[in-house]
Amino acid sequence: MTVLAPGENRPTPGDQLTVTVTSSASVDVSALLVNAAGTVRSDADFVFFNQPTGPGVVYRHGNGGSDVVSVQTSALPADVDKVVVTASLDGRGPATFASVGALTTTIESGSTALTFPISGLTTESGVVCVEVYRRGGVWKVRAIGQGYDDGLAGIASAFGVNLDDEPEPVAPQGNSGGPMQGSGHPPQSASGHPHQPGSSAPTPPGQFAPPPSSSPAEAPGYNPGAPTRQPTYASQQGVRPVHSDLFDPSHAEVSGQGIQKQGGKMVKVGMNGEVMARAGSMVAYQGDLKFEALGSGGIGRAIRQHLTGEGVPLMKVTGRGDLFLANAAADVHIIDLDGTDGLTINGANVLAFDSTLRYDVGRVQGAAGYASNAGLFNCVFTGRGRIAITTHGTPVVLTVDQATYADPNAAVAWSSSLQTGIKRNDSFGLGRLMGRSTGEASTLTFTGRGFVIVQPSELPPGGLIGGTGAGQQAGTGGGLFG
């Protein structure tokens with residue numbers, strides 16, 4: 001085994017290289033394919049946990065061990081001059097490399113190995129470990145060890161990766177998108193009264209759709225005053241006709257395009273374009289639909305999501321047909337945004353949304369200075385379009401016109417225009433009185449003008465196993481909020 005000093009270069013030990021970074025702290029390993037100008041050719045040249053393959057380069061998660069980047073030099077495109085291998089702290093341990101012990105990069109091919117021990121890092125949270133570069137038709141390895149204070153995002157940006165989110169979304173499909181009034185108050189109907197559950201009127205601007213009533217859905221041709229008539233399906237090959245109250249119109253699928261409630265625990269999306277949905281939430285579909293796993297979305301958001309544990313594991317669904325979505329039989333509600341105010345939502349409660357909307361992962365205001373944990377970050381949606389959210393039980397919508405406080409695990413969503421903060425309860429003795437388990441030491445505070453949606457449970461949809469995060473961080477929690 002050959003040990004490299006900083007700046008030293010050696011011929012690669014073979015065509016098939018395995019690069020591993022070992023450390024006393026958990027780190028994410030990534031690679032960038034760089035051209036002669038010193039930048040990536042496109043964002044597809046950034047190979048990391050959310051985009052694990054590139055031409056000639058593959059990332060493999062360590063699953064408790066060290067992450068691995070495999071490089072096949074003969075498969076690298078002709079306009080790629082080098083492959084830069086990096087390591088960054090993943091947010092589950094120290095914030096900087098100052099308190100991290102040994103950090104060693106190993107490049108192996110067959111029985112031959114090169115190692116590079118990296119030392120002297122202080123405030124950095126990311127480091128370029130080594131680069132595999134082309135010189136005179138020969139591939140070599142150079143020991144780098146250059147640190148970055150802004151971690152993986154800083155490294156990616158330095159090599160030209162676009163950390164902005166996706167381009168502006170396309171126009172909404174059908175009637176799925178609607179406005180949310182900008183006053184910040186819980187929405188009302190045109191008459192000034194809350195929309196009544198079970199009515200057939202469309203959701204007005206700003207409407208937070210209430211839970212469905214127990215009355216049957218009024219499907220076309222349904223007469224609530226007439227006696228119930230159960231459909232009979234003609235027998236085939238001697239099979240007896242089928243009779244069941246399941247064929248009552250109250251169980252029929254709703255009509256129309258876009259995101260709509262299908263009963264109280266499911267949504268139907270009339271598809272003629274695309275929609276973003278929670279990965280794994282499809283329970284049925286009809287027609288010609290294509291499902292594409294998106295991980296976290298934009299590269300910058302993916303990095304933030306990975307570090308915070310908050311976000312939505314997404315899939316993009318495209319095509320024509322009908323899509324049915326649900327999440328562990330949680331209650332479903334529809335919210336329309338008109339672009340005048342955003343909506344902050346716990347990632348665990350997002351079921352689907354129009355692709356016209358943009359979302360990001362942001363820290364809860366007032367949470368700075370507290371130990372990082374998934375509960376301090378939420379998804380912030382902006383733009384025009386419709387969102388389907390879930391709650392564990394029938395929620396209450398609180399009008400915030402005075403100081404309002406909520407258990408962090410029960411607060412599902414709120415107007416982004418509200419000011420938030422964190423209130424310690426120990427001095428009031430509330431820490432032992434709140435919540436269902438160990439007693440939370442803190443509550444979320446809301447001031448300004450707007451609304452807060454609070455579910456009657458401290459569990460995310462699906463219970464504790466539902467989690468609040470996404471990707472590798474799904475299911476994280478605890479910490480500050482108990």
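Helices (H or I, at least four residues) and strands (E, at least two) are DSSP runs, numbered from the N terminus. The structure is a predicted model, in which local features need pLDDT of at least 70 and side-chain atom pairs count only at pLDDT 80 or more, while totals for chains, interfaces and linings use all residues. Residues are numbered from 1 along each chain as its sequence is written, and side-chain values use heavy atoms, with hydrogens and water left out.

We can start with Gln-455, which is found in the segment after strand E29 (450-454). Gln-455 has a relative accessibility of 4% and counts as buried (under 20% relative accessible area; exposed is over 50%, partly exposed in between; 1.4 Å probe, protein chains only). A polar atom of the Gln-455 side chain lies 2.9 Å from the backbone nitrogen of His-392, and one lies 3.5 Å from the backbone oxygen of Asn-409.

Next comes a sheet. Seven strands form an open sheet with mixed pairing, in the order E1-E11-E10-E3-E8-E7-E6. Strand E1 (2-3) and strand E6 (53-54) stand at its edges with a single partner strand each, so one side of each is left without a neighbour in the sheet. Two strands pair if DSSP finds at least two bridges between them; strands E7 (residues 57-60) and E8 (residues 68-72) run antiparallel and are joined by four bridges. Val-57 stands opposite Val-71 in E8.

Finally, Met-282 is placed in strand E16 (residues 282-295). With a relative accessible area of 33%, Met-282 is partly exposed.

Terms used
A polar contact is a pair of N or O atoms within 3.5 Å; within protein, one must be able to donate a hydrogen and the other to accept it, and residues adjacent in sequence count only if both atoms are side-chain atoms.
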